[in-house]
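User: Hello! I am new to reading structures, so please pick one part of this one and take me through it closely.

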Amino acid sequence: MFIAFALGILLDTFQNTGGAHAAACLTLAFVRPVFLKLVYGESYLMKNLKIIRTPIDRLLLLSVLSVITHHLIFFSLVIFNTSQILYTLKLTLSVGIATILIASLFLIIFKPKVKS
């Protein structure tokens, strides 16, 4: 939690977003165990999980859940206007898709091959 807060505050300092990154990063750190349990199921519960060694589809699902959660909270706090909920959702979706595409590219390029 401390590392997530520190990363969020660091981003807020340079982007002048007033704590929105810190709140989004802390929320993501808080729901991370839920996402891991949802994506990996029994492997996560048994504590025998090596995330980098898992199949690419599981990593992409975890990335999608994390990115959408972070961006939704971040843009909700930055815009902070209920009359612009559609704009917030559109911004979350468009920036989220771009982020997921870039993250997927990096995963495909740099993920070590799983030996069968």
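Analyst: Let's begin with a contact, which means heavy atoms within 4.5 Å. Among contacts in the chain between residues at least 6 apart in sequence, 55% join residues at least 24 apart. This is a predicted model, where local features need pLDDT of at least 70 and side-chain atom pairs count only at pLDDT 80 or more, while totals for chains, interfaces and linings use all residues. Residues are numbered from 1 along each chain as its sequence is written, and side-chain values use heavy atoms, leaving out hydrogens and water.

The chain has 5 helices and 0 strands (DSSP runs numbered from the N terminus: H or I of at least four residues for helices, E of at least two for strands). Now for our close look: H1 spans residues 2-15 and H2 residues 20-40. They pack at an angle of about 160°, and their axes lie 7 Å apart (axes are lines fitted to C-alpha atoms over the stretch in contact, and angles run from 0 to 180 degrees between N-to-C directions). H1 and H2 are therefore roughly antiparallel, a label for angles over 145 degrees.

Where do H1 and H2 meet? On the H1 side, the residues include Phe 5, Leu 7, Ile 9 and Leu 11; facing them from H2 are residues including His 21, Cys 25, Leu 26 and Ala 29. By class, this contact has 10 nonpolar, 3 polar and 1 charged residues (Ala, Val, Leu, Ile, Met, Phe, Trp, Tyr, Cys and Pro count as nonpolar, Asp, Glu, Lys and Arg as charged, and the others, Gly among them, as polar). Asp 12 and Gln 15 of H1 also take part in this meeting with H2.

Key
Angles under 35 degrees count as roughly parallel, over 145 as roughly antiparallel, 65 to 115 as roughly perpendicular and the rest as oblique.
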